[in-house]
Amino acid sequence: MSTRNKILITGAAGFLRGKRATTHWAYCDLLSDCGAQYEKARFVRDGNIFTGGGVTAGIDFAFALALELYGNDIAQSLQLGLEYDPAPPLDYGHPDKADPHIHQKLTERYAQPVTDTRSALLSRTALFKD
């Protein structure tokens, strides 16, 4: 499921209202439209709500869920079984670390999808207001 759709579904339904949450960096400003407080992290748990960042953060998110639901031994077994031992050749996977020029280009690329998602979110959120 795309980042856009996750925000639309969970946000518009009110599940994020009053919660700390995270999402892909390009969409993080939309969390306030859902009544959530953005937290810069790869995954965030706030009560029974778990949220994750971008695609690769989903792997960390999955291990956090496995740890929470099944304990340390199972989570470690999954990590070892998948040989998840990240060592990226570059360390620019977050806007805080990225070259400003590249960050700007990607921000421009995401601008229209973010605008479209905000419009859809705001119209759907109105349906769920108290």
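Student: Which helix does Ile74 lie in?

Tutor: Helix α3; helices here are DSSP runs of H or I with at least four residues, strands are E runs of at least two, and both are numbered from the N terminus. This is a predicted model, where local features need pLDDT of at least 70, side-chain atom pairs count only at pLDDT 80 or more, and totals for chains, interfaces and linings use all residues. Residues are numbered from 1 along each chain as its sequence is written, and side-chain values use heavy atoms, leaving out hydrogens and water.

Student: What is the mean pLDDT of the protein?

Tutor: pLDDT is the predictor's confidence in each residue, from 0 to 100. The mean is 88 for the protein, and 92% of its residues reach 70 or more.

Student: Is Ile74 buried, partly exposed or exposed?

Tutor: Buried means under 20% relative accessible area, exposed over 50%, and partly exposed in between (1.4 Å probe, protein chains only). Ile74 is partly exposed, because its relative accessible area is 40%.

Student: Which residues of α2 are buried?

Tutor: Ala57, Asp60, Phe61, Phe63, Ala64 and Ala66. Their cover includes β3 (43-46), β4 (49-52) and α3, judged by contact, meaning heavy atoms within 4.5 Å.

Student: And what about the phi of Glu83?

Tutor: Most residues other than glycine have a negative phi. Glu83, not a glycine, has a positive phi of about 50°. Glu83 is found in the loop between α3 and α4 (100-128), and is exposed, with a relative accessible area of 68%.
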